[in-house]
Amino acid sequence: MNLIISGTNRLGSNSLKVAEYYKKELNKKGEDWQVLSLTDLPHDILFTDLYGKRSTAFAPIQELVARAQKFVFIIPEYNGSYPGVLKTFIDACAYPVSFYHKKAALVGVSTGKYGNIRGVDHFTGVCNYMRMHVMPLKIHIPSIQGELNNEGNLQEDTTYKFVQEQLDEIIRF
């Protein structure tokens, strides 16, 4: 089992739409992937699941993360980097069982014109610290609000091509 993480807890986010698109495309290629939205995190995670604590609400999420061998992180741009809730999620997960020597593909999304290049670079450092193996091909999707059609599919040919290339590499990774 592999896991796509929508890196924000914003309801109705474009990140979740991209995560669902990745799942649909990977499943079409015969892969077993699930989506974890950070909207599913316990609302009081700062108090219940950091510094060695574990709540019953977070336990099933921790089990899902521990079982996964590969991750795709969909990372929206928040203030020139990645969301704080994504870092909180990483910090709440048990170490080393959650991420140590597991594989990660990174996808940056933004409403601006750079596709969260800086945030993906920042998050790459976090992944490296946790000794994750980060796939070299990182995708950056700028102006995300115009990239997805009403069915949740990518509508720009260039973006579609690069995403398909990354999906194929994720499978081989």
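## Exercises on a predicted model

The side chain of S98 has a polar atom 2.6 Å from the backbone oxygen of A94. This is a polar contact (a pair of N or O atoms within 3.5 Å; within protein, one able to donate a hydrogen and the other to accept it, and sequence-adjacent residues count only if both atoms are side-chain atoms). The model is predicted, so local features need pLDDT of at least 70 and side-chain atom pairs pLDDT 80 or more, while totals for chains, interfaces and linings use all residues. Residues are numbered from 1 along each chain as its sequence is written, and side-chain values use heavy atoms, without hydrogens or water.

**Exercise 1. Describe the largest nonpolar core.**

Step 1. Define it. A nonpolar core is a set of buried Ala, Val, Leu, Ile, Met, Phe, Trp, Tyr and Cys residues joined through side-chain atoms within 4.5 Å.

Step 2. Size it. The largest has 32 residues, and F73, F89, F99 and F123 have the most contacts inside it.

Step 3. Name the contributors. β1 (2–6), α3 (59–67), β3 (70–76), α4 (84–92), β4 (103–109) and α5 (117–129) each give two or more residues. α4 gives the largest share, five residues.

Step 4. Take F73. Leaving out residues up to four places away in sequence, its contacts include I5, L86, F99 and F123.

**Exercise 2. Which residues line the second largest pocket?**

Step 1. Define a pocket: on a 1 Å grid over the protein atoms alone, an open set of points where a 1.4 Å probe fits, with protein on both sides within 12 Å along at least five of seven lines; lining residues have an atom within 4 Å of a point.

Step 2. List the lining: K87, I90, D91, C93, A94, Y95, F99, V126, Y129 and M130.

Step 3. Trace the sources. α4 and α5 each supply at least two lining residues. α4 gives the most, three.

How values were computed: Buried < 20%, exposed > 50% of the residue type's maximum accessible area, 1.4 Å probe, protein only. Helix = DSSP H or I, 4+ residues; strand = E, 2+ residues; numbered from the N terminus. Contact = heavy atoms within 4.5 Å.
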